[in-house]
Amino acid sequence: MFRLGWFLGNGFGMQPWYGNWAGRAMTEWTQPGMYVDLTTSLERAGFDLLFIEDTSMVEDTYGASMDTTLKYGLMAPKNDPIPLVPMLAAATEHIGIVATMSTIQYPPFLAARSMVTLDHLTKGRVGINVVTSVSHRVAQNFGYDRHFEHAERYAMADEWMEVVSRLWDSWEPDALVHDQDEPRYADHTKVHPIDFEGRYFKCRGPLNTIPGPQRRPVVAQAGNSTPGRELAARHADTMLALAKTPEQMKELRTDMDRRLIAHGRKPEDLKILFMATPYLGDTDAEAQDRFDRFDAAKGDPDNIEKRLWYLSYVSGGVVDYRKYDLDGPVPQELGNGETTTAKSWLEGSQNITLRDLAKGPANYGMEFVGSPDTMAAQMGEVMQEAGGDGFLMYPDVTRRSIMEVCDGLAPALRRRGLIRDGYAHRTFRENLLDF
């Protein structure tokens, strides 16, 4: 039995807005309706969480221009997902909702307070995905000339999490008195300033709101580099992970277990969810045909442009792939952005052309192809071999894909006893950690 999450890869932003199944996405992405439909469907299907990505920039690394970004709607335009969270929670009862916050965009006090407020508004079903941001363009929107180097921004994130954690703990569990006769709402001797002063942050505290139902909202982490793994081992309850094979899944799980123990935690304290893209059809042949058509389209000029745009983005604004000859060698520079993603893309690319790389596999997790029952069997076999905690599904967000996963794949998984058929607890944290 394993967990399921859905990775909303463009956050509260432009979803596939052209094509046969785009529907009204071009006009309705700014409204809550599609996201409410998604979240209620995921809860009906037994998903543990919705994971909402975010970033705050209009990317212009590729070709030194915003043209490709805004031509295709690639990670922009995009709205702030935080106000969306209470709307999704109000439409559901059990599913966890993880929203992304960047350590260079949110001062620790603001982040701690916002997440506790959301914990109250969602009745204990919110989580925070702690990221360090990727590109110079994000940093420049928040007062920096350039983004921090990779290692430094993770050191900054570790300190950020320490401040946030101390603020969440600044009210003792029995600080609330609620004595109407005296009267006394809270015992001031059990509410404490944190008086934190570090290299990057300074905060007095205490938090000026009472602890939420979870006391500590669920913490998620999405970096798979060594510093990212260390951040997850110290602070996270769940982790987004990239692996292409069960062997890689096992290697990551073993490494994270070692790191958790080194930080005085137990392996079961961290639930690792592996990225997975489904290609579903009514039959295996139909699903394979769908995948083949998708695969064949990778060589189209539009898709090559979008792939090279993405590679430029994950470099952190360092490598402009438009400068290079498509039929020449692949530049091997990783850049300063999503280094693990860049390594995954560049693996084995020393002897191929840039065009071949752009036409190749996405290298963003695992791909499953088949009918719902076939795919359920595949996922069960992989998870049994790897011993992981679950999958984070990453299809395009269309009402077709929502239906296929939630009303096709999920029931097939449930028939095999592979995913939950209900929620035993009240809060996201309790459900996440209950097996």
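Is Met75 buried or exposed? At 11% relative accessibility, Met75 falls in the buried class, where buried means under 20% relative accessible area, exposed over 50% and partly exposed in between, computed with a 1.4 Å probe on protein chains only. The views below come from a predicted model, in which local features need pLDDT of at least 70, side-chain atom pairs count only at pLDDT 80 or more, and totals for chains, interfaces and linings use all residues. Residues are numbered from 1 along each chain as its sequence is written, and side-chain values use heavy atoms, with hydrogens and water left out.

View 1. Ala64 is exposed, with a relative accessible area of 65%. For background, most residues other than glycine have a negative phi, and most peptide bonds are trans.

**View 2. Cis peptide bonds at Pro77 and Pro206.** Ala76 and Pro77 are joined by a cis peptide bond with omega about 0°. Pro77 belongs to the loop between helix H3 (67-72) and helix H4 (84-90). From Gly205 to Pro206 the peptide bond is cis too, with omega near 0°. Pro206 lies in the loop between strand E8 (202-203) and strand E9 (218-221).

**View 3. The largest nonpolar core and helix H7.** A nonpolar core here is a set of buried Ala, Val, Leu, Ile, Met, Phe, Trp, Tyr and Cys residues joined through side-chain atoms within 4.5 Å. The largest one has 129 residues, and Trp168, Met379 and Phe391 have the most contacts inside it. Helix H7 (residues 150-168) gives the largest share of this core, 9 residues. Of the 19 residues of H7, 14 are buried, so the helix is largely enclosed by the rest of the structure. The end C-alpha atoms of H7 are 27 Å apart, which agrees with the 27 Å that its 19 residues should span at 1.5 Å a residue; the expected span is 1.5 Å times one less than the number of residues. In soluble globular proteins, nonpolar side chains tend to be buried together.

**View 4. Helix H14 and its cover.** H14 (residues 372-386) has 15 residues that should span 21 Å, and its end C-alpha atoms are 21 Å apart, in agreement. Its buried residues are Met375, Ala376, Ala377, Met379, Gly380, Val382, Met383 and Ala386. Strand E1 (3-8), H9, strand E13 (390-393) and helix H15 (399-415) are among the elements that cover them. Zooming in on Met379 and leaving aside neighbours within four places in sequence, its contacts (heavy atoms within 4.5 Å) are Phe2, Leu4, Phe368, Phe391, Met393, Leu409 and Leu413. After H14 comes Gly387, with a positive phi near 70°.

**View 5. The largest cavity.** A search of the whole structure finds 1 cavity of 30 Å³ or more. On a 1 Å grid over the protein atoms alone, a cavity is a set of points where a 1.4 Å probe fits but cannot get out, a pocket is an open set with protein on both sides within 12 Å along at least five of seven lines, and lining residues have an atom within 4 Å of a point. The largest cavity holds about 40 Å³ of space. Its lining consists of Val116, Leu167, Trp168, Ser170, Trp171, Leu207, Thr209, Ile210, Pro211 and Arg215. Volumes are the space filled by probe spheres set on the points, with grid points joined across faces, edges and corners.

**View 6. The second largest pocket.** About 370 Å³ of space lies in this pocket. It is lined by 17 residues, of which Arg229, Leu242, Gln248, Thr340 and Ser344 are the closest to its centre. Helix H8 (226-235), helix H9 (246-262) and helix H12 (339-346) each supply at least two lining residues, and H9 brings the largest share, 4 residues.
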